[in-house]
Structure formats: structure tokens, C-alpha cells
Amino acid sequence: MTYRDITIDEHCALEAFAAAHGRNWRNTLVLDYWCRPQAWEGHAETMGATLHALRNSHGNEWLYQHYRPRAGSPAEQNPTPTQLDVLERIRDGGITKVKHSDTSYRIAGFNNASVVGRVVSLRWARWPQGPFRAQTCELTDAGIRLLAQHRPTPALAPACAAE
């Protein structure tokens, strides 16, 4: 399905909701607010109207599978320790997407596939394009910068001169 691009107001409303509700904000939005519009009554009515209209036009699948935070959003600037662990494993070639059939695959190399998916959705890493049996995840330039900023690699000692 093709979705229209969302507006700046819709991005801002999603980011404000995410900042206010923490790590599982998508679940909170879908289960507590999108299913019960009366939950918006009070201080959040304007945001609620924007997000409820977004629910009607885009739906849950879009929120979980297609929504990407804007560049520079708080989610992109503050990776969790687990996300940094994933980035290190990707850098070291340790996370692979293994295909089982045309519609199913598994992620090997980290015990929480959703964290790997989040790192890819934030564009810190990517899967190679094209047909695959097993693909190793790759860091993007943004992922390399982020990892260098938060977990710098210790400098290697120079090789000793021949004695």
C-alpha cells in the first residue's frame, strides 16, 4: 500500500507522543489512544485530533512498519545501550538476516530481532538489496558516526620499530 507523506504537524505530534510515553510509545498509542478516542480528552485534544486523523488515514501497519522519525529527532540522537551493542555487532559482521522462504526470515547474531529492526529503521544500518539467502547487516554513514561518537574505538598502539 502507498501512503501519503505525513505533514510536519503529524511528525511533531508523533515525536511529542513518543517523548512523553517512552520506549513502548507505539503500543501505548495504538492500544490506549487509537482504540479509545475519549482518552484524548483534556490537555492533549489538539494532538489527539492530529494523531486520530493519522490513524484513520494510515493505520497501525504504517505506524509499526513504515513510520520513520525525522532526521535529528531525539530518537536518532540518543541511542540506547542495547542499540549501541547492536551497532558494534553489525560493525563486526555479527548480525545476519537468514531467509527461510519467500516470506519469512530470521535474524541471527542478536537475541532481540526488534532491536536490530529498530536500528535499521532509524537508518543506522541497512540490509544489502537484491535476492539473498543470508545477508550481513551493514552500518550506514550515520551509524558509523553514531557509534564513533558514543563508543569510540581505542587507538591501536603503533607497531614497534624493528630492533
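Q: What makes the pattern of this protein α-α-α-α-α-α-β-β-α-β-β-β-α?
A: In this predicted model, that is the order of its elements along the sequence, and they come to eight helices and five strands. Helices (H or I, at least four residues) and strands (E, at least two) are DSSP runs, numbered from the N terminus. Residues are numbered from 1 along each chain as its sequence is written. Local features need pLDDT of at least 70, side-chain atom pairs count only at pLDDT 80 or more, and totals for chains, interfaces and linings use all residues, while side-chain values use heavy atoms, without hydrogens and water.

Q: Why is cysteine 35 called exposed?
A: Its relative accessibility is 52%, and exposed means over 50%, buried under 20%, and partly exposed in between (1.4 Å probe, protein chains only). Cysteine 35 therefore counts as exposed.

Q: Why is cysteine 137 called buried?
A: Cysteine 137 has a relative accessible area of 3%, which is under the 20% limit, so the residue is buried.

Q: What makes a set of residues the largest nonpolar core here?
A: A nonpolar core is a set of buried Ala, Val, Leu, Ile, Met, Phe, Trp, Tyr and Cys residues joined through side-chain atoms within 4.5 Å. The largest has 18 residues, and Val86, Ile90 and Val116 are among those with the most contacts inside it. Helices α6 (81–91), α7 (113–121) and α8 (141–150) each supply at least two residues of this core, and the largest share, four residues, comes from α6.

Q: Which residues does valine 116 touch, not counting residues up to four places away in sequence?
A: Valine 116 touches Val86, Ile95, Ile107, Phe110 and Trp127, where contact means heavy atoms within 4.5 Å.
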